[in-house]
Amino acid sequence: MSKIKVRAKLSGDETTVKCLMSHPMETGLRKDSKTDELVPAHFIQEVTCKVKDQVVMKTSWSGGVSKNPYLSFKFKGGAVGDPIEITWTDNKGESQSERAEVTT
């Protein structure tokens, strides 16, 4: 199963969130070298970040994002110890979530 690694660090009034998502991210355009058939599309469509159950970031992706994507973003208003949750949903309806806490 896919995994997400999350880190969130507070610096001043800004929290930097970094996450690495394990996912094949297939576009549906690549051919299998053994069968010469197209590999079916399988990619993350939506990534959401919540802090204390409030959405601070939401993005839509397509098959143009590389395998095992890395995402980094900043937001204001976090505090040390705040719970962060990253969730992705892919085009096959699969999803994965991971939680972490804001550190210094």
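Residues 24 or more positions apart make up 53% of the contacts in the protein that have a separation of 6 or more, a contact being heavy atoms within 4.5 Å. The structure is a predicted model, in which local features need pLDDT of at least 70, side-chain atom pairs count only at pLDDT 80 or more, and totals for chains, interfaces and linings use all residues. Residues are numbered from 1 along each chain as its sequence is written, and side-chain values use heavy atoms, with hydrogens and water left out.

On secondary structure, the tally is seven strands and zero helices, which reads along the sequence as β-β-β-β-β-β-β. Both kinds of element are DSSP runs numbered from the N terminus, helices being H or I with at least four residues and strands E with at least two. The C-alpha trace spans about 55 × 20 × 20 Å along its principal axes. Of the 104 residues, 38% count as buried; here buried is under 20% relative accessible area, exposed is over 50%, and partly exposed is in between (1.4 Å probe, protein chains only). The accessible surface comes to about 6600 Å², with 46% of it belonging to carbon and sulfur atoms; areas come from the Shrake-Rupley method with a 1.4 Å probe, and for residues only the protein chains shown count as cover.

Now to the charges. The protein carries 16 positive and 14 negative ones, and their mean positions are 5 Å apart. Lys and Arg count as positive and Asp and Glu as negative, leaving out His and the chain ends; each charge is placed at NZ of Lys, CZ of Arg, CG of Asp or CD of Glu. Lys3, Lys5, Arg7, Lys9 and Lys18 form a positive surface patch.

Arginine 7, in strand E1, is exposed at 67% relative accessible area. Alanine 8, also in E1, is buried at 4%. Leaving aside residues up to four places away in sequence, alanine 8 touches Thr15, Thr16, Val17, Ile84, Glu101, Val102 and Thr103. Its C-alpha is 9.2 Å from that of lysine 74, 66 residues apart along the chain.

Threonine 15, one of those partners, lies in strand E2 (residues 14–21) and is buried at 0% relative accessibility.

Methods:
Patch = residues over 30% accessible without salt bridge, like charges linked within 9 Å, V, L, I, M, F, W, Y side chains within 5 Å. Salt bridge = Lys/Arg side-chain N within 4 Å of Asp/Glu carboxyl O.
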